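Dear colleague,

I am handing over the structure we spoke about, and below it I have written out what was found. Please read the notes with the structure open beside you.

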There are 2 protein chains.
Amino acid sequence: MAGMDDGPRGDAPIASGPWLRHTRRVAYENAWVTIWHDEVTRPDGSPGIYGVVHFANLAAGVLAVDERDRVLLVGQHRYALDEYSWEIPEGGVPDGETALDGARRELREETGVEAGTWRELARVHLSNSVSDELAILYLATDLRHGVATPDATEALEIRWLPFEDVLAMTLDGRISDAMTVVAVERLALIRALASIGG
Amino acid sequence: MAGMDDGPRGDAPIASGPWLRHTRRVAYENAWVTIWHDEVTRPDGSPGIYGVVHFANLAAGVLAVDERDRVLLVGQHRYALDEYSWEIPEGGVPDGETALDGARRELREETGVEAGTWRELARVHLSNSVSDELAILYLATDLRHGVATPDATEALEIRWLPFEDVLAMTLDGRISDAMTVVAVERLALIRALASIGG
């Protein structure tokens, strides 16, 4: 686990709330994540370490719903899980691209679909015990169809399913991807609360 | 980034759906996560790498709701985000402990609360583009109060807030933790759908 120092070893510690960071070392790095290994003082004053998974990209997800209330899902084998997963179109947004531009680009690349109306549905930190990954989820409507251009790491299937069927899939666990669950159930909740409210 | 080989370098590749894994190296490891650096063949046949964040523990989360429909939240500074975060009680469940036992233990340790009735609300993969982290979320009711025994890494505040206020906090982004958002909004949705249906 040799790595590069990028922390101020020997300098004053850096506060993170009740935590103190004494050193930071890059333990691993690729195009998507950097692992920081930090030496810290914990909230109770005891010494410890913290391994932080820093994401290079923002995660954007797009719940695209057509005029017949059908939802666009992409299916792919998720390497990290070794499981097949049906999800809304998702992708990484690098620094220098806005979240909305990244969401538009991912939707177009993965599915060929473009949308005339965009609305932010949710922002969530996906796994805040060890990572700083932020997801921004959009509702995309007024859809137009074009040609997909998925990249080499993606072997995607595309399906249009009724919203109520996709909601049933999140509720019974057939869809387990957190970004998809949050987007679908938040839209369902907004609709249900509007229906109850009048 | 020296590490230990635990993959069959030179042996036959291992399939993960349309992916092939040729080698696997432990790039980083602590008590909570292991980073695997894999050499792969991607679905389109091109060579690549994959960095997998493997979690030692299952993540358990507990939406505890009392007889006055108040929700138990814990507040803490999340080191990986350098942000204060209000969340349902959550914690890691190691191999050898059931998810439900781990959820009971985390609730008791963090808050001193015990629950007579447990129901599984959701299972989600939190960040499946790079990690295998699985979260299981429970609804806990019939609550009894005891004495909390948080561990050294936790400096927790505890609050009881009306369910409708907690839901407002997830919907407007004051609560951003994905496990909390999924648990709170799923319960709200189940209630709303029951209200509409009946």
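Which side chain of chain B does Arg186(A) meet in a salt bridge? The partner is Glu185(B), with 2.4 Å from N to O, where a salt bridge is a side-chain nitrogen of Lys or Arg within 4 Å of a carboxyl oxygen of Asp or Glu. Across the interface of chain A and chain B the rule finds 2 salt bridges, and helix α3 of chain A (residues 178–197) gives the largest share of the side of chain A that touches chain B, namely 11 residues.

Before going on, please note that this is a predicted model, in which local features need pLDDT of at least 70 and side-chain atom pairs count only at pLDDT 80 or more, while totals for chains, interfaces and linings use all residues. Residues are numbered from 1 along each chain as its sequence is written, chains are lettered from A and ligands numbered from 1 in the order in which they are written, and side-chain values use heavy atoms, with hydrogens and water left out.

As for the interface as a whole, 69 residues of chain A are in contact (heavy atoms within 4.5 Å) with 69 residues of chain B. The area buried between the two chains (accessible area, 1.4 Å probe, lost on being put together and summed over both) is about 5,900 Å², and carbon and sulfur atoms give 63% of that area. In chain A, Tyr28(A), Tyr79(A) and Asn128(A) lose the most area to chain B, together 15% of what that side buries.

A search of the whole structure finds 22 salt bridges over all chains. One pair is Arg24(A) and Asp38(A), at 2.7 Å from N to O, and this pair links distant parts of the chain, since Arg24(A) lies in strand β3 (residues 19–29) and Asp38(A) in strand β4 (residues 33–41), 14 residues apart. Helices (H or I, at least four residues) and strands (E, at least two) are DSSP runs, numbered from the N terminus.

With best wishes
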